[in-house]
Amino acid sequence: MDALCKQAMPDLLLLLLAVIPDKLSVLPAAPSAPKPPLRSRGAVPASPLQLTLWESQDLQLTCAVSSQTPQHVHLSVSFGLSAPDASRDVQPLQEVIAVRRDFAVEAGERFAERHRAQELSLAKTGDRRYQMVLGWLRPEDAGIYHCVAGEWIQDPDGSWQQIAEKRVVLAQVTVRTVASQLAASASPAKVRVGSGEALELLCNASGLQAAPLPHIVYSLGWEVSQGSEGEGRLVARLDPGGALVLGDSYANRDVGRRHVSLQKLASPLGSYQLRIESAQPSDVGSYRCVVWAFVRSPGDKLREVASVRSEALTVDMKSEAVVLEATAWLPSATIYRGDTAEVRCNVSVEATQDIALALSWWVELPDEGPTSHGVLLASVSREGVADLASRPSGGAVSVDKASPTSHRLRLHGVQPSDEGKYHCAVTAWVRYPDLSWYKAGSAKSNMVTVYPYTLGE
Ligand SMILES: *[C@@H]1O[C@H](CO)[C@@H](O)[C@H](O)[C@H]1NC(C)=O
Ligand SMILES: *[C@@H]1O[C@H](CO)[C@@H](O)[C@H](O)[C@H]1NC(C)=O
């Protein structure tokens, strides 16, 4: 009996298929239309629904699937995507997301990550309605969306057979990119500032306020480049939260913290003003305003989706060159062991601004190779603070000024191991009204040789 039954199965199945009429219906449905879908069989609209959405918006598509088959059947519903320009008969479908005949919801390979990130979902929203929501829409999501319904029947041996499949076009989706919207322009085209004066530049950013898009945030800033330098370096930017971020060269140990502000102006709309309180010669260059757009993911991460740079505007400055010179010399021709040896450094400065000098003293020992830069003995900062290092012989050093332009290094109780070539190095710093610093020049003196004689030699 058992064997007979199994043998008879294929015929039975054929018979079954033959008597099941085509009762599967699959139709596009408006996402929130309350009335049930039409029952008209195979009524595929001649041209599919055209949808144009912005990058980052949600794409919601609903497919109504029903079966009039009298037998107990299970349905599977799959949402697929094909390229926008391909004929839909030959174009293979890429699965977006599907509910299988066992009710499991699975995303296609290309969309699995977004399903995990909760940007993509599929839910049964009514008797026959299946709604796919693809959020945080990306440009590559453009194309023709289809709904494929399958009808499954369980054989007496427990296995499932698909007895019908139907496919319908839901919509042709076009995605407008944020990048296509953004524009930035900068003014004035040319600026000439005096050293220490305020530098003001204006950026007109458009495409930001057009329609507030979900999950899109913006950042706006300025970059400067000098000479043939390709990449601009950041001057300042407003991060998506509105906080000001200064570029590395505007806030550091050397320059202090320069007074740079970047503000959104009340009018005209979309205007942002960059203001550098006290312009320095280092501010000369080509400036561009940059607008960045980011998408904030469900996990709160920012992903850059677009950036646009304005045309460059030039900033130049009347040159205010600083001429700096340093000369090392020994006031006494002969130095004996145990004496206090003196090395002098005369510094001459020609500058239109007030200058603060920083000075350092170096020695190169006779047994050091030619590649040696020498040993730092002492330094005096631009604020006038002395920092004394130790001498090769271990003895004490001191520094002071013999006259306003002549600096002095003293080696107390000089030893044979102090023998070497000595020089000084000097840096001219300009202090700006905003209390920031600018390195206007630096110079290295000649070398003088200190040779401690033994008494009576
Ligand atoms: C800003 O730019 C937009 C588009 O580029 C332009 O229509 C608008 O007139 C500009 N506004 C100002 C104040 O320059
Ligand atoms: C250094 O300056 C002093 C005056 O401060 C001067 O007497 C001396 O001759 C100068 N030495 C050199 C080498 O320029």
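Guide: In what follows, a strand is a DSSP run of type E with at least two residues, and strands are numbered from the N terminus. A residue is taken to be near a molecule if its C-beta atom, placed from the backbone, lies within 6 Å of that molecule. The model is predicted.

Ala183, Ser185, Asn204, Ser206 and Pro268 surround ligand 1. Two strands, β11 (183-187) and β13 (199-206), each contribute at least two residues to this shell. Sorted by class, the shell around ligand 1 holds two nonpolar and three polar residues, and no charged ones.

Pro268, one of the residues around ligand 1, lies in the loop between β19 and β20 (271-276). The peptide bond leading from Ser267 into Pro268 is cis, with omega near -5°. A cis bond is also found between Ser187 and Pro188, where omega is about -10°. Pro188 belongs to the loop that runs between β11 and β12 (190-193), and β11 is one of the strands that supply the shell of ligand 1.

Leu262 lies in β19 (residues 260-264). Leu262 counts as buried because 21 other C-beta atoms lie within 10 Å, the cut-off for burial being 20 or more. Leaving aside residues up to four places away in sequence, Leu262 touches Ala236, Arg237, Leu238, Leu244, Tyr272 and Leu274. Gly242 is 20 residues from Leu262 in sequence, and their C-alpha atoms are 10.0 Å apart in space.

Thr327, Trp329, Asn346, Ser403, Thr405 and Ser406 surround ligand 2. By class, that shell has one nonpolar residue, five polar residues and no charged ones. An open sheet of four strands has the order β24-β26-β31-β30, with antiparallel pairing. At its edges are β24 (323-329) and β30 (397-403), each of which pairs on one side only. On average, neighbouring strands of this sheet are turned by 20° against each other, direction ignored. Within the sheet, β24 and β26 (residues 341-350) run antiparallel and are joined by seven bridges; Ala328 has Cys345 as its bridge partner in β26. Six bridges pair β30 with β31 (residues 406-411), again in the antiparallel sense, and Ser398 has Arg410 as its bridge partner in β31. The hairpin that joins β30 to β31 passes through two residues.

The antiparallel strands β1 and β3 (residues 59-67) are joined by six bridges, and Ala29 has Thr62 as its bridge partner in β3.

Further pairings are found around β9. Ten bridges pair β4 (residues 73-82) with β9 (residues 143-154) in the antiparallel sense, with Val73 standing opposite Ile153. Twelve bridges pair β9 with β10 (residues 160-176), also in the antiparallel sense, and Gly143 has Val173 as its partner in β10. These two strands, β9 and β10, form a hairpin with five residues between them, and in its turn Gly158 has a positive phi of about 95°.

Positive phi values also occur at residues other than glycine. Asp300 has a phi of about 75° and is found in the loop between β21 (285-296) and β22 (302-309). Asp300 counts as exposed because it has 6 C-beta neighbours inside 10 Å. Leu435, whose phi is near 75°, lies in the loop between β32 (420-431) and β33 (437-444). Leu435 counts as exposed because it has 12 C-beta neighbours inside 10 Å, and a residue with 12 or fewer is placed in that class.

Finally, the chain as a whole may be summarised. The protein has two helices and 35 strands, and 29% of its 457 residues count as buried. Among contacts with a separation of 6 or more, 64% join residues 24 or more positions apart.

Notes:
Residues numbered from 1 in each chain as written. Chains lettered and ligands numbered in written order. Predicted model: local features only at pLDDT ≥ 70, side-chain atom pairs only at ≥ 80, totals over all residues. Nonpolar A, V, L, I, M, F, W, Y, C, P; charged D, E, K, R; others polar. Pairing = 2+ DSSP bridges. Contact = placed C-beta atoms within 7 Å. Axes fitted to C-alpha atoms, helices over the stretch in contact; angles between N-to-C directions.
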